[in-house]
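Subject: The structure for you to look at

Hi,

Here is the structure I promised to pass on. Have a look at it first, and then read my notes below.

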Amino acid sequence: MAVWALGINHHTAPLDLRGRFAFALDQIAPTLHGLRQSLAQGAGRHPDVETAIISTCNRTEIYCAAEAPALDHTLDWLASSGGVSPSLLRSHSYTLESGLVARHAFRVASGLDSMVLGEAQILGQMKDAVRAAKGAGALGTTLNQLFQRSFAVAKEVRTSTDIGAHSISMAAAAVRLAGQLFEDLSKIRVLFVGAGEMIELCATHFAARNPKQIAIANRTLERGEKLATRFGGEVMRLADLPDHLHEFDAVVSCTASTLPIIGLGAVERALKKRRHRPIFMVDLAVPRDIEPEVKQLEDVYLYTVDDLASVVQTAQAHRQAAVAQAEAIIDAGVQSFMHWMELRTPAAGPSGGVVPLIRQLNTQTDEWRALEIARAKKLLAKGEDIDTVLEALSRGLTQKMLHGTMAELRAGDAETRAQTAQTVSRLFLRSSSRNGL
């Protein structure tokens, strides 16, 4: 199997371009279906290509496995889905094959490729993506093995190193920036737009500073009420947000909307009602929740996920030693995965690869064992002594297993017999210590 990956992230692509390729979790299944169909049709490829998509505010990555790589076709498909030219996407993307795919996936899962070095949220997002791919029937043995090993490597990195120590999360960075604008966060009113994991994390950090008011605006009241109750806040419908925007000093938004939900006009009206008292706004959504023109308003302090980069990197120097340790763990993980792949790569000649050969050996030995057990049962039924039956069973198995070896030792010319003898000695005549005796 060939393994390849295509992606864009906060290192390679600007926020607005990343927004074109953001897929909500409930979009993953139909998107994977479309991708698999496209890959199956392209160049007559096998229809059972494995695929998975990881889509977060910082990255969109496609992972594939099939009999042969199809990087160009994958890039063309993604470009089309985002409504951009393949050349534009290629200039902002990265493509990986074989062991480089494993290394990248392991680094992503471990938080080494995140905007916040060592952050743990990406691991949960990857697990969600894998569950979605499984649910869509798009995940096969190879990609499943890749991701399960990614999770195992990430766990080892987090338990064996200090990669997550001193980490500043996006939520904590938002609170820090708000603290630079407002002297006392206990005197401000905070509005959270959305009710997902990131909003919950932000609300937790702001709630620790005991703001004057917390409110949740969400499309569905039920989910918003659940979050609002946890923080002693209020809840409103998303449709009512423009009428209440002026009441809040800080607004943090992160929804799965494909279009901005807070426009320039709404913010201008809110500022007028506030008599131009400043509003602190954080847009953590990709695509954007807040129109970018809002940032030009004099009394608005608007930050996006990319704007927070400098804040969240302040503790990076403390983690460089841990990064080196983590990379060593990842190196070992990559070697292990590539060895697993090699075992499944068909070898030259009629015998095929190692794994098929192992299956054939297991099938053959099971047949021999079944024959000898059936013979032993017949002897016992005739009243034969148990020791005699066991002796016959062990002798029968031994003869079957050694028959081919003995035949090879007697066949061929002297050089062939010498090579066979060396192989037989290595396989059957190991020292007792190596056999655990």
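A word on the elements first: helices (H or I, at least four residues) and strands (E, at least two) are DSSP runs, and they are numbered from the N terminus. The model is predicted, so local features need pLDDT of at least 70 and side-chain atom pairs count only at pLDDT 80 or more, while totals for chains, interfaces and linings use all residues. Residues are numbered from 1 along each chain as its sequence is written, and side-chain values use heavy atoms, with hydrogens and water left out.

**The domains**

The chain is assigned domain 1 (2–166 + 318–344), domain 2 (170–314) and domain 3 (354–426); such bounds come from an automatic or database domain assignment. Taken over C-alpha atoms, the centres of domain 2 and domain 3 are 73 Å apart.

E372 is a handy place to start, and it sits in helix 15. Is E372 buried or exposed? With a relative accessible area of 2%, E372 is buried. (Buried means under 20% relative accessible area, exposed over 50% and partly exposed in between, using a 1.4 Å probe and protein chains only.) Apart from its neighbours within four places in sequence, E372 is in contact with A392, L393, G396, L397 and K400, where contact means heavy atoms within 4.5 Å.

Helix 15 (354–381) and helix 16 (386–410) each supply at least two residues to the lining of the second largest pocket. Helix 15 provides the largest share of that lining, six residues. By class, the lining has four nonpolar, five polar and two charged residues. Here Ala, Val, Leu, Ile, Met, Phe, Trp, Tyr, Cys and Pro count as nonpolar, Asp, Glu, Lys and Arg as charged, and the others, Gly among them, as polar. The space in the second largest pocket is about 290 Å³.

For the record, a pocket is an open set of points on a 1 Å grid over the protein atoms alone, where a 1.4 Å probe fits, with protein on both sides within 12 Å along at least five of seven lines; lining residues have an atom within 4 Å of a point. Points are joined across faces, edges and corners, and the volume is the space filled by probe spheres set on them.

**The largest pocket**

The largest pocket holds about 1100 Å³ of space. It is lined by 38 residues, and A24, L25, C254, T255 and A256 are the closest to its centre. Which domains does the lining draw on? Domain 1 and domain 2 each give at least three residues. Helix 1, strand 2 (50–55), helix 6 (121–135) and helix 9 (197–207) each supply at least two, and helix 6 gives the most, with four residues.

Helix 3 (residues 71–82) has twelve residues, which at 1.5 Å a residue should span 16 Å; its end C-alpha atoms are 17 Å apart, which agrees. (The expected span is 1.5 Å times one less than the number of residues.) L71, T74, L75, W77, L78, A79 and G82 are buried in this helix. Their cover includes strand 1 (2–9), helix 1 (15–20), helix 2 (28–41), strand 3 (59–66), helix 4 (86–91) and strand 4 (94–97). After helix 3 comes G83, with a positive phi near 70 degrees.

L35 belongs to helix 2 and is buried, with a relative accessible area of 0%. Leaving out its neighbours within four places in sequence, L35 is in contact with T51, I62 and W77.

Most residues other than glycine have a negative phi, and most peptide bonds are trans. N210, not a glycine, has a positive phi of about 50 degrees. N210 sits in the loop between helix 9 and strand 6 (213–218) and counts as exposed at 56% relative accessibility. H276 is not a glycine either, and its phi is positive at about 65 degrees. The loop between helix 12 (264–273) and strand 9 holds H276, which counts as partly exposed at 47% relative accessibility. Finally, the peptide bond from V286 to P287 is cis, with omega near 5 degrees, and P287 lies in the loop between strand 9 (279–283) and strand 10 (300–304).

Cheers
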